[in-house]
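Here's a quick tour for anyone meeting this structure for the first time. Take a look at it, then read on.

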Amino acid sequence: MRQDGAVGEDTEQVWSATVDHLRAMIDSGELAPGSRLPAERVLCEELGISRGSLRQALRVLDSIGYVQIRAGSGTYVAEQREQPLSTWFTEHDQLVEKLFDLRATVEPTLADRLARHATAKVVSRLEDNVAEMAQAAADGDMLRVIATDAEFHRVIAQNAGNDDVAGLLRSVLALVGEERRAALRLPGQIRKAVDDHRAILDAIRRSDPAEARERTLKHLVDAKTYAHDFAAHPED
């Protein structure tokens, strides 16, 4: 997969294509579960991309459970397991609640800050992201839905203008891959997530900090409540 000058190295198309390529290698068994991916330098040369694009693709693959990034060790292909939703939420209900509570403490503030100074480039990135998430939902591509959901929140954190808080959120988001995969599998949650992201984006686009904060908080509280209710009454 060689990306030549037609596509800029910092564009979404490059790392998105890289995600698809590495996913195909994992799905085909070329990269086996538990195996360590080649060094970044080797992968960059093989794929014809920059290290920045590769790292972005690996972050996305980590968020959707295809790989595990281990600091100081490398990136490994993850075991692909699919638990029944009722079982997963019953076993992880308290963890999900704590993670959502932590995110609800941090993310509304970052959305508020971003709405005060968002550049046209950042707004465009969020617009492209929401459009891609909606298309992935229409195509039934669950993994791309999860990846674009993770990227939406990461872009807000990265550009909010508070490096300390954004760093904290990036650490939190690194822990929520399994929670995100489970939550978006709940009935109706993908459509609601897309609608919520559109509302948050609209507030940021209109430079409305209060609305951006309120929409983000509601998005997270609603998701936590739905997940908790599902864990308590999975058959309802």
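What is the mean pLDDT of the chain, and what share of its residues reach 70 or more? This is a predicted model, and its mean pLDDT is 79, with 71% of the residues at 70 or more. Where pLDDT is low, the predicted coordinates should not be read in detail.

Now for the inside. The largest nonpolar core has 21 residues, and Leu22, Leu31, Leu54 and Leu61 are the ones with the most contacts inside it. Four helices each supply at least two residues of this core: α1, α2, α3 and α6. There's also a second, separate core of 19 residues, with Leu114, Leu126, Phe152 and Ala212 among them.

| Core | Residues in it | Some members |
|---|---|---|
| Largest nonpolar core | 21 residues | Leu22, Leu31, Leu54, Leu61 |
| Second, separate core | 19 residues | Leu114, Leu126, Phe152, Ala212 |

Helix α3 covers residues 51-63 and reaches 18 Å from first C-alpha to last, close to the 18 Å expected. Its buried residues include Leu54, Leu58 and Leu61. Setting aside neighbours within four places in sequence, Leu54 is in contact with Thr18, Leu22, Glu40, Leu43, Cys44, Leu47 and Ile49. Just after α3, Gly65 takes a positive phi of about 80 degrees.

Over in helix α1 sits His21. Why does His21 count as partly exposed? Because its relative accessible area is 28%, which falls between the 20% and 50% cut-offs. The C-alpha atoms of His21 and Leu47 are 9.0 Å apart, though 26 residues separate them along the chain.

Notes:
Residues numbered from 1 in each chain as written. Predicted model: local features only at pLDDT ≥ 70, side-chain atom pairs only at ≥ 80, totals over all residues. Heavy atoms only, no water. Expected span 1.5 Å × (residues − 1). Buried < 20%, exposed > 50% of the residue type's maximum accessible area, 1.4 Å probe, protein only. pLDDT = per-residue confidence, 0-100. Core = buried A, V, L, I, M, F, W, Y, C linked by side-chain atoms within 4.5 Å. Contact = heavy atoms within 4.5 Å.
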